[in-house]
Amino acid sequence: MTSTSVRVALRVRPLSNKETLQNCSECLIVIPDAPQILIGNDKSFTFDYVFPSDTEQEEVFQECASPLIDKMVEG
């Protein structure tokens, strides 16, 4: 029996209409080609998956949930 470890995904939400009207800016940067974000200039966090704000729900599902569901169905 093979085990499946818990994985952590982060999906960055886009700014809301209210935040846009208030001229807010995003407070974090998604590091390209790495599952990492940068907050400010010196705080980085690594996850198993990082999805930028323009990612569609279908992509998140295919990357994260679909493999888990397949393993669950397999037993």
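User: How many salt bridges does the structure hold?

Analyst: This is a predicted model, and it holds 1 salt bridge.

User: Which residue does E19 pair with there?

Analyst: E19 forms the salt bridge with R13. The closest N and O atoms of the two are 2.9 Å apart.

User: And R13, is that buried or exposed?

Analyst: R13 is exposed, because its relative accessibility is 52% and the cut-off for exposed is over 50%.

User: OK, let's switch to the strands. What order do they take in the open sheet?

Analyst: The open sheet has 3 strands in the order β2-β3-β4, and the pairing is antiparallel. At the edges are β2 (28-31) and β4 (43-46), each of which pairs on one side only. From one strand to the next, the twist averages 25 degrees.

User: What holds strands of a sheet together, in general?

Analyst: Backbone hydrogen bonds pair them, in either a parallel or an antiparallel way.

User: How many bridges join β2 to β3?

Analyst: There are 4 bridges between β2 and β3, with β3 covering residues 36-39. As for who faces whom, L28 stands opposite I39 in β3.

User: What does G40 do in the hairpin of β3 and β4?

Analyst: G40 takes a positive phi near 70 degrees there. That hairpin has 3 residues between the strands.

User: Which residue has a positive phi although it is not a glycine?

Analyst: N23 is one of them, with a phi of about 60 degrees. You'll find N23 in the loop between α1 (17-21) and β2. D33 also has a positive phi of about 60 degrees without being a glycine. The place to look for D33 is the loop between β2 and β3.

User: Take N23, then: buried or exposed?

Analyst: N23 is exposed, because its relative accessible area of 70% is over the 50% cut-off.

User: How about D33, buried or exposed?

Analyst: D33 is exposed too, with a relative accessible area of 87%.

User: Changing topic: where is P52?

Analyst: P52 is in the loop between β5 (49-51) and α2. With a relative accessibility of 31%, P52 is partly exposed, because that value lies between the 20% and 50% cut-offs.

User: What does P52 touch?

Analyst: Leaving out residues up to four places away in sequence, P52 touches V12 and V30.

User: Last one! Which residues make the nonpolar surface patch?

Analyst: F61, I69, M72 and V73 make that patch, which is about 410 Å². F61 belongs to helix α2, which spans residues 57-74.

Notes. Residues are numbered from 1 along each chain as its sequence is written. This is a predicted model: local features need pLDDT of at least 70, side-chain atom pairs count only at pLDDT 80 or more; totals for chains, interfaces and linings use all residues. Side-chain values use heavy atoms; hydrogens and water are left out. Two strands pair if DSSP finds at least two bridges between them. Helices (H or I, at least four residues) and strands (E, at least two) are DSSP runs, numbered from the N terminus. Axes are lines fitted to C-alpha atoms, for helices over the stretch in contact, and angles run from 0 to 180 degrees between N-to-C directions. Patches are made of residues with over 30% relative accessible area and no salt bridge: like charges are joined within 9 Å, nonpolar side chains (Val, Leu, Ile, Met, Phe, Trp, Tyr) within 5 Å. Accessible areas come from the Shrake-Rupley method with a 1.4 Å probe; for residues, only the protein chains shown count as cover. A salt bridge is a side-chain nitrogen of Lys or Arg within 4 Å of a carboxyl oxygen of Asp or Glu. Buried means under 20% relative accessible area, exposed over 50%, partly exposed in between (1.4 Å probe, protein chains only). Contact means heavy atoms within 4.5 Å.
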